[in-house]
Amino acid sequence: MKKLGLILISAFFFALTACFSGGNEYKGDTIEISNERWYAIHAAQHASLAAGTPSRRPERMLQIPVNPKRIIVFEHAVLDILLELNLHERVVGIAHMAMPEYLQSAFPTSGATALPDVGDSRPHDPCWDTLTRLGISHENGDLIIMSGRQRSVAADSNFSRLWAIAPTIDLGLRTGGNYFVADFAENLSILGKIFQIEAEIQSRLDLINIKIEQTNSLATYLDNEHNISALIIQLNGGSLALHGAGGRYSLIHRELGVSESVSGIASGNPGSGVNDNPHGTQISPEYIRERNPSIIFWIDRGFAVGEASTSVDVITNHIIFGSIDAIVNNHVFALDSVSWYFVSGGLTSMTIQINQIYDALRTVYLHT
């Protein structure tokens with residue numbers, strides 16, 4: 001009888017341990033991935049958890065399954081990367097909102113082959129019911145890849161809740177400051193380790209770094225020899241918002257080296273991984289005229305997120321802007337809204353982004 005009691009007690013504690021670890025542990029190979037970049041943010045979320053919320057205190061290093069066969073992806077830039085690496089067939093759930101056209105064939109959001117929407121029609125809030133129905137788990141060695149949009153909903157501590165379902169990594173890129181390209185390279189490195197394709201990843205990254213260096217050299221020449229500078233304008237419906245080297249399009253000014261027509265633009269606190277001003281600083285048309293930029297880069301946010309598009313006439317109205325150098329010289333360049341706003345940080349989107357800036361600078365160079 002005493003022996004039976006010990007067996008029952010042991011079984012109870014085993015079941016309890018399994019409950020808190022998210023189910024039975026994966027028996028296959030795992031790899032240790034650094035979680036340091038987001039550790040402080042996740043730890044802060046953990047501290048604010050409501051009573052009864054499934055929880056797992058974030059660690060500095062995470063054990064992630066090697067070569068997972070079933071993946072949930074909230075971050076569109078990661079879908080871009082997985083498609084480029086021919087790993088797209090492993091994705092079993094995505095966030096549907098604002099899926100770019102070039103990803104639709106591999107990751108359909110409508111029709112008989114549509115992938116389940118784990119973003120509840122918007123990527124910020126995971127759809128917990130859908131995640132449950134998909135049956136992903138720790139035991140099966142599945143993987144969830146979250147983005148900065150889930151991280152922004154701190155009250156729900158999505159990282160902890162997602163980890164309670166299956167191994168989770170956060171591959172959202174920080175916008176602003178010097179972080180964007182560094183985070184992009186780190187994300188590629190992490191995916192290379194998980195899927196055992198590190199050599200291919202390094203080859204892809206080397207090509208992108210060459211493009212960055214070429215563009216930076218041209219931008220530096222134009223600045224030094226011809227005092228060429230640029231404004232980055234985001235169209236939000238009928239309003240105009242300015243972005244600078246600390247904002248979400250920091251790639252243009254920092255890594256690609258295009259000089260700012262206006263410096264010191266408010267951009268939140270990119271060092272924390274949170275951009276408090278993600279939609280830019282509101283400006284008037286007169287503001288642009290006063291700064292007289294050599295180049296204007298513009299992004300239509302409405303088009304990127306599936307809302308109404310805005311005409312570039314908002315910027316190029318000659319009655320107001322007749323003497324602006326960028327307009328007189330026809331140096332107003334539309335940037336691919338989806339690549340820059342919603343899929344920034346993918347392999348395809350990064351190539352598009354860099355090429356667009358290089359081609360624009362090449363046009364300016366030929367006119368100087």
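Colleague: How many helices and strands does the secondary structure of the protein come to?
Modeller: This is a predicted model, so the count describes a prediction. The secondary structure comes to 17 helices and 11 strands.

Colleague: What percentage of the residues of the protein count as buried?
Modeller: A residue is called buried when its relative accessible area is under 20%. The protein has 368 residues. The share of them that count as buried is 51%.

Colleague: Among contacts with a separation of 6 or more, what percentage is accounted for by residues 24 or more positions apart?
Modeller: The contacts in question have a separation of 6 or more in the protein. Residues 24 or more positions apart account for a share of 70%.

Colleague: How far apart are the end C-alpha atoms of α9, and what span should its residues give?
Modeller: Helix α9 has 29 residues, and at 1.5 Å a residue it should span 42 Å. The distance in the model agrees with that span. The end C-alpha atoms of α9 are apart by 41 Å.

Colleague: Which helices are included in what covers the buried residues of α9?
Modeller: The buried residues of α9 are I201, L205, I208, I212, T215, L218, A219 and L222. Their cover includes α8 (179-194) and α17.

Colleague: Where is N67, and how accessible is N67?
Modeller: N67 also has a positive phi, near 55°, and is a residue other than glycine. Its place is in the loop between β2 (61-65) and β3 (71-73). N67 is partly exposed, because its relative accessible area is 25%.

Colleague: How many salt bridges does a search of the whole structure find?
Modeller: Side chains of opposite charge can pair when their charged atoms come close. One of the pairs is R291 with E290, whose closest N and O atoms are 2.9 Å apart. R291 is partly exposed at 33%, while E290 is exposed at 57%. The number of salt bridges in the whole structure is 4.

Colleague: How far apart in sequence are the parts that the pair of R204 and E84 ties together?
Modeller: R204 forms a salt bridge with E84, and the closest N and O atoms are 2.6 Å apart. R204 lies in helix α9 (residues 198-226) and E84 in helix α3 (residues 76-84), so the parts tied together are apart in sequence by 120 residues.

Colleague: How accessible are R204 and E84?
Modeller: R204 counts as partly exposed at 23% relative accessibility. E84 counts as partly exposed, its relative accessibility being 34%.

Colleague: How many residues apart do R204 and E200 lie in helix α9?
Modeller: R204 forms a salt bridge with E200, with the closest N and O atoms 3.6 Å apart. E200 is partly exposed, with a relative accessible area of 33%. An α-helix has 3.6 residues a turn, so residues three or four places apart point the same way. R204 and E200 are separated by about one turn of the helix, that is, 4 residues.

Colleague: Is H331 buried or exposed?
Modeller: H331 lies in the loop between α15 (325-328) and β11 (332-334). Leaving out residues up to four places away in sequence, H331 touches S294, I295, I296, A326, T363, V364 and H367. At 5% relative accessibility, H331 counts as buried.

Colleague: Which backbone oxygen does the side chain of H331 reach?
Modeller: The distance of this contact is 3.3 Å. The oxygen belongs to the backbone of N329.

Colleague: Which residues form a nonpolar patch on the surface?
Modeller: Together the patch residues have about 290 Å² of accessible area. One of them, L366, is found in helix α17 (residues 347-367) and counts as exposed at 57% relative accessibility. The patch is formed by Y221, Y365 and L366.

Methods:
Residues are numbered from 1 along each chain as its sequence is written. This is a predicted model: local features need pLDDT of at least 70, side-chain atom pairs count only at pLDDT 80 or more; totals for chains, interfaces and linings use all residues. Side-chain values use heavy atoms; hydrogens and water are left out. Patches are made of residues with over 30% relative accessible area and no salt bridge: like charges are joined within 9 Å, nonpolar side chains (Val, Leu, Ile, Met, Phe, Trp, Tyr) within 5 Å. Accessible areas come from the Shrake-Rupley method with a 1.4 Å probe; for residues, only the protein chains shown count as cover. A salt bridge is a side-chain nitrogen of Lys or Arg within 4 Å of a carboxyl oxygen of Asp or Glu. Helices (H or I, at least four residues) and strands (E, at least two) are DSSP runs, numbered from the N terminus. Buried means under 20% relative accessible area, exposed over 50%, partly exposed in between (1.4 Å probe, protein chains only). A polar contact is a pair of N or O atoms within 3.5 Å; within protein, one must be able to donate a hydrogen and the other to accept it, and residues adjacent in sequence count only if both atoms are side-chain atoms. Contact means heavy atoms within 4.5 Å. The expected span of a helix is 1.5 Å times one less than its number of residues.
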